[in-house]
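Subject: The structure we talked about

Hi,

Here is the structure I promised to pass on.

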Amino acid sequence: MTDTSRYPYRGRVRFPSLRGVNRECSDPETRFLGRVEAREASGRRLEGVVIDYADTGEPFPGFRERVEPGAFTWTAGNPLLNVQHSPERLLARDGAGLALVDGPEALRLEAELPATREADDALALVRAGVLTGLSVEFFARRDRQESDGLRVIEAAELVGVALVARPAFDASTVAARHQRPRGRRRRVHL
């Protein structure tokens with residue numbers, strides 16, 4: 001196992017097998033993705049791109065990875081949306097304020113936050129630019145390593161999405177919005 005003590009993730013993240021051999025682990029992997037933007041000063045709605053499938057990230061120095069389109073699956077009631085992957089700072093869950101829409105280019109998030117102190121604080125931090133990214137928490141079920149060393153995640157169980165301060169992937173965004181945007185939206189569970 002690779003020593004993760006020099007990374008700020010305090011051992012929660014396990015490096016994957018890079019020889020195509022997948023192993024079960026008790027702790028999910030976390031990846032800090034993208035940027036968070038506040039585009040409106042009012043509203044309780046968050047929308048954004050959890051992961052852009054064309055994006056390649058470097059979650060750890062010298063370790064690059066990409067997620068295949070449609071790789072994430074989840075069960076009803078999961079994933080949870082929270083702040084900094086803290087279960088005590090819960091904001092929403094699938095079916096209770098959180099909807100994930102999986103498309104060919106990206107996995108998108110739509111969240112209607114409740115009128116709670118935790119949600120108020122999270123919205124204020126997004127608008128102020130303190131929470132600047134999104135992060136996924138997942139169990140990799142199938143991956144491969146390409147000849148250039150890039151890890152490609154082919155199948156994973158998504159268990160959490162968090163608003164975070166430090167993203168690893170550049171293409172993800174989230175915005176606080178006042179109203180539901182016009183246009184057809186479709187919720188997909190894979």
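Of the 190 residues in the protein chain, 48% are buried. Here "buried" means under 20% relative accessible area, "exposed" means over 50%, and "partly exposed" is anything in between, with a 1.4 Å probe and protein chains only.

Please keep in mind that this is a predicted model: local features need a pLDDT of at least 70, side-chain atom pairs count only at pLDDT 80 or more, and totals for chains, interfaces and linings use all residues. Residues are numbered from 1 along each chain as its sequence is written, and side-chain values use heavy atoms, with hydrogens and water left out.

That pLDDT is the predictor's confidence in each residue, from 0 to 100. The protein chain has a mean of 76, and 68% of its residues reach 70 or more. Residues 1–24 have a pLDDT below 50, and in the model this stretch has 45 contacts beyond near neighbours in sequence. Residues 37–41 are also below 50, with 17 contacts of that kind. A contact means heavy atoms within 4.5 Å.

Now the overall layout. Helices (H or I, at least four residues) and strands (E, at least two) are DSSP runs, numbered from the N terminus. Starting at the N terminus, the order is β-β-β-β-β-β-β-β-β-α-β-β-β. If you take the contacts between residues at least 6 apart in sequence, 72% of them join residues at least 24 apart.

Next, the helix. H1 covers residues 117–128, which is 12 residues, and its first and last C-alpha atoms are 16 Å apart, close to the 16 Å expected at 1.5 Å a residue. (The expected span is 1.5 Å times one less than the number of residues.) Which residues of H1 are buried? They are Ala 119, Ala 122, Leu 123 and Val 126. These sit on the same side of H1, because they cover an arc of only 100° around the axis; the arc is that of the directions from the helix axis to the C-beta atoms. An α-helix has 3.6 residues a turn, so residues three or four places apart point the same way. On the face turned away from the buried side of H1 you will find the exposed residues Arg 117 and Ala 128. After H1 comes Gly 129, with a positive phi near 80°.

Glu 118 is also in H1 and is partly exposed, at 22% relative accessibility. Leaving aside neighbours within four places in sequence, Glu 118 is in contact with Val 83, Glu 88, Arg 89, Leu 90 and Leu 91. Val 83 is 35 residues away along the chain, and its C-alpha is 8.9 Å from that of Glu 118.

On to the charged pairs. How many salt bridges does a search of the whole structure find? It finds 16, where a salt bridge is a side-chain nitrogen of Lys or Arg within 4 Å of a carboxyl oxygen of Asp or Glu. One of them joins Arg 45 and Glu 112, at 3.2 Å from N to O. Arg 45 is in strand E2 (residues 45–52) and Glu 112 in strand E9 (residues 106–112), so this pair ties together parts that are 67 residues apart in sequence. Arg 45 is buried at 5% relative accessibility, while Glu 112 is partly exposed at 41%.

Arg 45 has another partner: its side chain makes a polar contact of 2.8 Å with that of Glu 47. A polar contact is a pair of N or O atoms within 3.5 Å; within protein, one must be able to donate a hydrogen and the other to accept it, and residues adjacent in sequence count only if both atoms are side-chain atoms. Glu 47 is in strand E2 too, and is buried with a relative accessible area of 8%.

Then look at Glu 146, which forms a salt bridge with Arg 66, with the closest N and O atoms 3.5 Å apart. Glu 146 lies in the loop between strands E10 (133–145) and E11 (151–164) and Arg 66 in strand E4, so the pair ties together parts that are 80 residues apart in sequence. Glu 146 also meets Arg 144 in a salt bridge of 3.2 Å, N to O. A network of salt bridges links Arg 66, Glu 68, Arg 142, Arg 144, Glu 146 and Glu 154.

Cheers

How values were computed: Expected span 1.5 Å × (residues − 1).
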